[in-house]
Amino acid sequence: MKNKLILWLLVVLLLVVVGFMAKDLFVSKNTTKENVYEYDLKELRKVDPSKISHEEVKQIKIQAKELHGIAIDSKDQIYVSTDEAILILNAKGEKINSLKVRGEARCLTIAENGNVLVGMRNRVDIRKPDGSLRNSFLIPGEKAFITSLAIDGENIYVADAGQKIVHHYNIDGKKIKEIGGKNTEAGIKGFVIPSPFFDLLMGRQGELWVVNPGRHAFEAYNSKGDQISSWERTSMSIEGFSGCCNPANIAILSDGSFVTVEKGLERVKIHLPSGDVKSVVAAPELFEAGTIGIDLAVDSEDRIYVLDPVKSMIRIFEAK
């Protein structure tokens, strides 16, 4: 009798074990898996309103197939580079001139004397204020791809994303040197540029500021090509820059703060000269998701001009 009881208990135990195994194998589970490394881009597109320092005050529609770059001269005239021409607008946003260019004008900058410097794939054209060609020079190298220009007197600085270097030329097209190449002894790490976004500009003291996008860094160089300062901020939050390579483009305010725009997470911000974030100018939700190629400029009153290539317009932001 005792043996039978033990036998029945064993049978019941076996059935319970088989039951758990069958449930584990055949009963469907919630297949939603949480990826601890996944970030919620929708949430990142939202910004606390208290951190937004500017408001959009004007939009200027631009008639062009493609928009590439924007610059503003000392008279607050607006220059927009397109796939076919350089459009010139007055401060009210009214078109006053159009300069024909010899190729796709990917970037531009304006000299103090009104000369217009235009960067195409591997060529720099320097045009007088009346639009006539002053001179032109080529950047050698099969991989040359110009993405930004800066001018300081007779010195021209060319950001070459294809060859991951900054070229220093004089106004007559004579090459002086290269800047930013890897130099371990000098502590220069070299530029990391995974995509064709590589911007630069002149600082208030005549220093050259260059974005090192793959490192989420800003680097400053003197006229000799020596690196004199740098800072970097990597973060998905507004305190830093996100993705493979940002910021995509920059501008500078009168107090030396930098205006930045990112791709992937389209947000326009202001960073202090130290690199610390100051505020948000435009939250990502103001742009179409996936907008690439937003460019920036600043006028004499520190209004921020945002070239939105998807909406084909200039968007002007003022401090609240």
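## Cysteines

Cys244 counts as partly exposed, because its relative accessibility is 47%; buried means under 20% relative accessible area, exposed over 50%, and partly exposed in between, with a 1.4 Å probe and protein chains only. Cys245, in contrast, is buried, with a relative accessible area of 1%. A disulfide joins Cys244 to Cys245, with an S to S distance of 2.3 Å; the term denotes a pair of cysteine sulfur atoms within 2.5 Å. A search of the whole structure finds one disulfide. Cys107 is buried as well, at a relative accessible area of 6%.

## Basis of the model

The model is predicted: local features need pLDDT of at least 70, side-chain atom pairs count only at pLDDT 80 or more, and totals for chains, interfaces and linings use all residues. Residues are numbered from 1 along each chain as its sequence is written, and side-chain values use heavy atoms, with hydrogens and water left out.

Strand S3 (residues 78-82) is mostly covered, as five of its five residues are buried. From S3, Ile78, Val80 and Thr82 point one way, while Tyr79 and Ser81 point the other way. In a regular strand the side chains alternate between the two faces of the sheet.

S3 pairs with strand S2 (residues 67-72) in the antiparallel sense over five bridges; two strands pair if DSSP finds at least two bridges between them. Tyr79 in S3 is the bridge partner of Ala71. The hairpin of S2 and S3 has five residues between the strands, and Asp76 takes a positive phi near 65 degrees there. S3 also runs antiparallel to strand S4 (residues 85-89), joined by four bridges, and Tyr79 stands opposite Ile88 in S4. The hairpin from S3 to S4 passes through two residues.

## Strands S10 and S11

Strand S10 (residues 146-152) has six of its seven residues buried, so it is largely enclosed by the rest of the structure. Six bridges join S10 to strand S11 (residues 155-160), and the two run antiparallel. Ile146 stands opposite Asp160 in S11. Two residues lie between the strands in the hairpin of S10 and S11, where Gly153 takes a positive phi near 65 degrees.

## Aromatic rings

Rings of Phe, Tyr and Trp (its six-membered ring) pair if their centres lie within 6.5 Å; planes under 30 degrees apart count as stacked, over 60 as edge-to-face and the rest as tilted. By this rule there are ten aromatic pairs. The pair of Phe218 and Trp231 is stacked, because the ring centres are 4.3 Å apart and the planes are at 10 degrees. This pair links distant parts of the chain, with Phe218 in strand S16 (residues 217-221) and Trp231 in strand S17 (residues 227-232), 13 residues apart.

Arg315 lies over the face of Phe287, at 5.0 Å from the ring centre; the criterion is NZ of Lys or CZ of Arg within 6 Å of the ring centre and within 35 degrees of the ring normal.

## Overall composition

Of the 320 residues of the protein, 48% count as buried.
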